Structures are given as structure tokens and as C-alpha cells.
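Here are some notes from a read through the model, jotted down in order.

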Amino acid sequence: MFLKAAGSKLVVIEFTAKWCGPCKRISPLIHAMSLQYKDVIFANVDVDESQELAETYNIKAVPTFQLFKQTRTVNLFSRIKSALCCNRSGLMTTPIFEMCGADVKTLEAKIRELM
Amino acid sequence: MAALAAVLQSRSLGFPWLLRTWAGGARGAARGAAGLHDYDLLVIGGGSGGLACAKEAAQLGRKVAVVDYVDPSPRGTRWGLGGTCVNVGCIPKKLMHQAALLGGMIQDARNYGWEVAQPILHDWRKMAEAVQNHVKSLNWGHRVQLQDRKVKYFNIKASFVDQHTVRGVTKGGKETLLSAEHIVIATGGRPKYPAHIEGALEYGITSDDIFWLKESPGKTLVVGASYVALECAGFLTGIGLDTTVMMRSIPLRGFDQQMSGLVTEHMVAHGTRFLKGCTASRVERLPSGQLQVTWKDLASGKEDMGTFDTVLWAIGRIPETRSLNLEKAGVNTNPDNQKILVNTQEATSVPHIYAIGDVAEGRPELTPTAIMAGKLLAQRLYGQSADLMDYDNVPTTVFTPLEYGCVGLSEEEAVARHGDDHVEVYHAYYKPLEFTVAERDASQCYIKMVCLREPPQLVLGLHFLGPNAGEVTQGFALGIKCGASYTQVMQTVGIHPTCAEEVAKLRISKRSGLDPTVTGC
């Protein structure tokens with residue numbers, strides 16, 4: 001899974017839509033951030049094209065930013081535990097931070113804090 | 001055992017019922033509130049009425065599903081959740097009407113001191129994109145709302161298999177069966193295409209398409225005299241397009257005819273061409289790509305021709321009942337118009353199957369009445385309510401370039417019901433203050449109040465033609481609902497300076513024969 005492959009890096013998922021004006025406005029700013037913060041992984045989900053994903057992550061408005069980070073350390077013991085118990089606690093199914101709206105300043109501050 | 005008892009009350013006794021009950025008993029617990037069926041309530045149609053009913057039922061704790069599906073228009077236009085109002089009706093219409101009004105206001109602005117460069121151009125693409133984006137955000141909003149209220153939504157085309165079961169087919173052809181204790185049909189309607197006009201289907205579009213056009217419709221012929229026809233022709237003219245309306249007979253059938261005449265008079269004075277008393281006979285495509293329309297003048301019998309970029313059919317709407325397989329459920333329709341027959345409870349010929357909104361016979365084709373009817377129905381089914389929907393004195397507004405708001409009876413209806421001797425009509429021609437500096441023509445700005453002649457002179461109907469007619473009429477609708485009399489209207493102080501105050505200041509009756517033109521304060 002995409003989030004799993006991120007390892008311990010901060011992941012920023014931006015949920016957008018083609019009909020969303022603010023999303024279009026901040027798009028260049030988000031792109032600039034993705035180039036600036038090389039250790040942070042940025043991804044975009046179109047809520048109309050990926051309806052189930054938007055539903056799973058409970059997206060109510062666009063743009064919504066969800067930040068994920070694997071907080072648990074992965075070692076042999078936790079790997080065995082995951083395999084035996086089908087334990088998903090190592091994977092990120094809930095974001096560590098969520099923000100709705102186009103406030104890029106607050107988003108950037110949060111990214112710098114969590115990365 | 002309690003679940004079984006409930007089932008006994010709602011189902012008719014019969015052998016198949018006995019078989020099902022045993023199976024249902026085992027599944028019942030797993031399905032929770034739904035019991036014997038997949039859902040407590042299945043709503044067919046995700047428009048104004050359907051969504052309101054579904055959300056209300058879910059709020060009352062029921063297991064609800066909505067199935068919505070849009071058959072593409074002959075032109076190929078399709079849209080998302082929300083129904084006619086959101087996608088191809090009220091919302092895009094009002095936005096485009098606003099776009100047209102703004103054009104006029106930009107011109108007025110000069111008189112008010114603004115330096116506005118000439119000429120003022122309109123970009124259809126920019127407007128269409130903005131309108132379409134807003135509509136898509138509403139599609140999204142409705143999906144989120146259903147999710148929030150735990151209403152299950154399926155984008156499938158539904159048809160009845162039996163009284164409690166519906167077959168749904170996805171766009172890809174996959175089939176599902178859904179069963180429910182109660183079913184609400186709220187499939188609305190679609191624009192009618194003329195049956196016997198060569199080329200009509202191939203070359204013409206309807207209101208289903210106009211709001212989704214990526215390119216400007218250009219020189220347009222609107223065929224029809226409905227509010228859809230006049231509103232569309234109105235905003236097309238307003239954004240600068242060469243627009244013609246072709247009508248077979250009277251404008252706005254069903255509305256007060258004096259007001260309707262003033263509406264079209266205003267449109268004529270503001271650049272819309274009218275072909276009155278004409279019917280189209282043929283539409284052909286020319287090598288240039290333009291459309292050639294041939295029509296007949298009914299009075300003279302003469303034929304004439306014209307060239308247009310777009311032909312928009314706005315000759316009426318037909319209910320979406322054809323593909324529902326209503327016979328499988330035993331739901332009766334009016335043979336004349338295919339609308340579903342309902343009683344005051346919105347129930348069809350089958351007690352547990354209901355119909356609301358445009359698809360139901362005898363109902364106003366309006367969003368707010370569908371919404372209210374849907375909510376009240378859910379309350380009656382699952383709440384403790386017995387309240388029926390009141391379809392009397394429903395206010396509405398036609399958003400033509402000069403807007404027409406009305407509530408209650410037309411003058412003709414009042415006279416037909418009470419007799420000319422028992423009706424008093426107060427009226428006035430007025431001039432909105434804003435029109436003065438802008439040097440706008442206010443010849444059609446007119447108000448009339450239809451009342452009973454006997455004191456206290458109950459107000460039977462109010463008709464307002466002027467800017468912001470919807471905003472003006474809404475408040476007076478409350479007054480009429482409360483049984484306002486003309487005496488009370490006279491006692492109401494106006495807000496100055498507004499157009500609305502002219503309603504409260506009505507003093508000249510038609511009967512008096514006096515000049516109804518309002519002079520300045």
C-alpha cells in the first residue's frame with residue numbers, strides 16, 4: 001500500500017475535486033511545497049474519481065489535507081505480530097492531522113512541525 | 001416474535017407470505033430495523049423530493065436506501081446526484097439568469113458614475129464552467145449528506161419486480177435486487193421532444209442540455225411558451241445572443257394571463273424576438289452546420305423559414321415512469337400523461353408505495369413542494385405525525401428578465417371560483433427607484449392583488465412583476481398563509497424605498513377605472 005511504502009516519512013494527502021475553485025488556486029503552492037520538502041511525500045486524490053477512498057477517509061469538503069506518519073518503530077517482533085495477528089496497528093488508517101480548506105500557511109506550519 | 005407481529009400487520013396474508021416469514025425470522029435479527037426486507041424505505045430517485053424523504057426517514061432511525069440514475073439525454077448529456085433542480089433546473093437556471101442580469105447592471109453602472117469600457121462581452125465558456133462547477137459541488141454535497149445520515153446510495157436504474165422488490169441495473173449492466181417495506185417513487189420528469197417534427201430529435205436540444213453546453217449556443221430558437229422556454233430565452237438574450245421564441249398559442253399556460261402578457265411584452269421590448277401562433281414543421285441541417293427551421297403561421301397558414309445555430313425544445317415535460325415497470329407493482333398512472341395517481345397521503349394505488357414530486361399527478365412541479373411533501377411523508381410513516389402536505393397557496397417565481405412572482409389564485413381563477421361581483425382587484429404600475437438613474441424602462445413593472453370583495457377582503461392572490469420578484473413574494477406568501485386580508489395589507493407600513501412596499505400601498509381597484517400608475521413619493 002502507498003502509505004506503507006512511505007516508511008517513516010511524513011505523507012501529505014490532498015483530497016481535491018475538479019470543480020473546486022480554492023483547490024485550483026492553491027495547487028501551485030502545494031506543488032511548490034512538494035519540491036521544497038523533499039523528505040515529505042505529497043499525493044493527491046480526486047474525490048470524484050476515487051469515491052470509495054474519499055468515503056473511507058470520511059472526506060466532507062474539499063480541499064482536505066490528511067497527514068499520515070508511521071509512529072511505531074518496525075522491528076522483528078512487531079513484524080511477527082503483524083503477520084500472526086493481522087494487526088493493522090502499524091499501518092496508518094487514521095491521519096495524525098486533518099485540515100479542511102485552503103489555508104496553505106497553516107498547512108505548511110504543520111508539515112514543518114511533523115516532518 | 002415482535003418482528004413477526006409487525007410483519008403480519010403490513011403484509012397481506014397469502015401463501016408466499018408464510019414461506020417468506022420463516023426465512024425472514026432468521027434473517028430479521030441480522031437486518032436490524034429492516035426485518036423482512038433489505039430496507040425499511042427505498043427511495044427511487046435522488047432529486048429534491050427523494051433525497052428529502054430519505055434523509056428525514058434516516059433521521060427517524062430507519063434503514064434507508066436511495067437509488068438514482070440519469071439516462072443520458074438524446075444529446076448525451078448526463079449528470080450526478082441531486083435531480084432536475086440541482087443539475088438541469090432551478091440552480092443552473094438562476095445562475096445563468098444572474099449572469100444575464102449582471103450584463104444589464106454593468107450597463108446601468110455607467111449612469112451611476114462607473115467608467116465601464118465598451119463593448120461589454122460575455123464569454124459563455126467561462127460562465128458555463130463556473131455554473132457546472134457549482135452544480136458538481138452540489139452533487140458532491142448531496143453524496144456526503146447521504147453518507148452522513150447513513151442513507152445507502154446506489155447509482156442504478158430501478159424498475160419494479162413486484163410490490164416490494166426493485167431490480168437495479170448499473171451503468172455497466174450489473175444487476176441487483178433490493179426489497180423494502182415502503183417504497184417512494186420520486187423519479188421526476190424529463191423534457192418532451194416533439195413527436196412529429198422531422199429532425200427535432202436529431203438536431204434539437206432541451207433544458208437537459210443547455211446548461212451543460214461547453215460552447216455558446218449562438219443564435220437560438222426556443223420553441224415553447226412554458227416558463228422553461230421564457231426563462232431560457234430570457235437569459236440567452238441577456239448575455240447577448242440572438243434569441244427567438246416560437247409559441248403555438250398563449251404564454252405561461254396556467255399562470256395569470258395578464259401578468260404573462262406583461263412578461264412577454266418586456267422580453268419583446270428588450271430584444272427577444274417572438275413568433276406567436278406558429279408551429280415548427282421541420283428542422284434540417286445546412287452544409288454550414290447551422291439548422292434550418294421551417295414553420296407554419298397558424299393564422300395565415302403561411303410557411304416561413306429561419307436559420308439558427310441551436311434549437312431548444314421547451315414544450316413540456318413528461319414524467320419518468322416509462323421504464324419503472326409500474327404494472328409489476330400494480331401502481332396506477334393517469335393514462336393521459338403517465339403521471340402516478342396519488343391521494344392526499346401521497347399514496348399510490350398500492351398502500352405501501354408512494355409518489356412525490358414531479359412524477360405525481362396533480363402536484364406543482366416545484367422543488368420546495370417536493371421537499372416538503374417528502375419530509376412530511378417520512379414523518380407520517382416513521383414519526384408520530386399525521387400532517388398532510390398543503391398544496392394551496394404555494395408561492396413561485398418565473399425568472400424571466402423581468403421576474404414574475406406569484407402566490408395564490410390568478411385573477412381568472414378567482415373570478416371563476418367566486419364570480420366577478422365578489423372579487424376586487426387592486427393594482428399599480430410602479431417604477432423601481434434604481435431604474436430612474438439607470439434610465440430603464442419600467443412599463444411592465446406592475447403589481448396586482450386579487451381579493452374577495454366582502455370585508456375584510458381576504459387576499460386570494462398576489463402577483464408581482466419586477467426586479468427580485470422571488471425575494472418580494474416570499475414574505476407575502478406567509479401573509480396569505482395566515483389568511484391576510486386587504487384591510488391588514490393597508491395597515492402594513494411599507495419599507496422605503498423598495499419595490500415591495502408598493503404591495504402594501506395598493507389602493508386603486510380595477511373596478512374604479514382610475515389610473516393605476518404610481519407617482520413618486
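1. UniProt, in an unreviewed entry, lists residues 39-374 of chain B as "domain: FAD/NAD(P)-binding". In this predicted model, that span is 33% helix and 24% strand, and its end C-alpha atoms sit 17 Å apart.

2. The other annotation to keep in mind is "domain: Pyridine nucleotide-disulphide oxidoreductase dimerisation", again from an unreviewed UniProt entry, on residues 394-505 of chain B. Here I get 32% helix and 26% strand, with 23 Å between the end C-alpha atoms.

3. On to chain A, which has 5 helices and 4 strands. Reading from the N terminus, the order is α-β-α-β-α-β-α-β-α. Of its 115 residues, 35% are buried. Among contacts with a separation of 6 or more, 80% are between residues 24 or more positions apart.

4. How much area do chain B and chain A bury between them? About 890 Å², 55% of it on carbon and sulfur atoms. On the chain B side, W140(B), R143(B) and Q147(B) lose the most area to chain A, together 58% of what that side buries. In residue terms, 9 from chain B are in contact with 11 from chain A.

5. Polar links across this interface: there are 2 salt bridges between the chains, and 2 residue pairs in polar contact. The side of chain B that touches chain A is made up of 2 nonpolar, 3 polar and 4 charged residues. One of the salt bridges joins K60(A) to D148(B), with the closest N and O atoms 3.0 Å apart.

6. Over all chains, the structure holds 25 salt bridges. Take R125(B) and E215(B), paired at 3.3 Å, N to O. E215(B) is partly exposed, at 47% relative accessible area.

7. R453(B) is in the loop between β20 and β21, whereas E424(B) is in strand β19, 29 residues away. At 34% relative accessibility R453(B) is partly exposed, while E424(B) is buried at 10%. Elsewhere, D256(B), E411(B), K448(B) and K510(B) are joined into one network by salt bridges that share partners.

Methods
Residues are numbered from 1 along each chain as its sequence is written. Chains are lettered from A and ligands numbered from 1 in the order in which they are written. This is a predicted model: local features need pLDDT of at least 70, side-chain atom pairs count only at pLDDT 80 or more; totals for chains, interfaces and linings use all residues. Side-chain values use heavy atoms; hydrogens and water are left out. Contact means heavy atoms within 4.5 Å. Buried area is the accessible area (1.4 Å probe) that two parts lose on being put together, summed over both. A salt bridge is a side-chain nitrogen of Lys or Arg within 4 Å of a carboxyl oxygen of Asp or Glu. A polar contact is a pair of N or O atoms within 3.5 Å; within protein, one must be able to donate a hydrogen and the other to accept it, and residues adjacent in sequence count only if both atoms are side-chain atoms. Ala, Val, Leu, Ile, Met, Phe, Trp, Tyr, Cys and Pro count as nonpolar, Asp, Glu, Lys and Arg as charged, and the others, Gly among them, as polar. UniProt positions are given in the numbering used here, feature names are shortened, and annotations may be inferred rather than shown by experiment. Helices (H or I, at least four residues) and strands (E, at least two) are DSSP runs, numbered from the N terminus. Buried means under 20% relative accessible area, exposed over 50%, partly exposed in between (1.4 Å probe, protein chains only).
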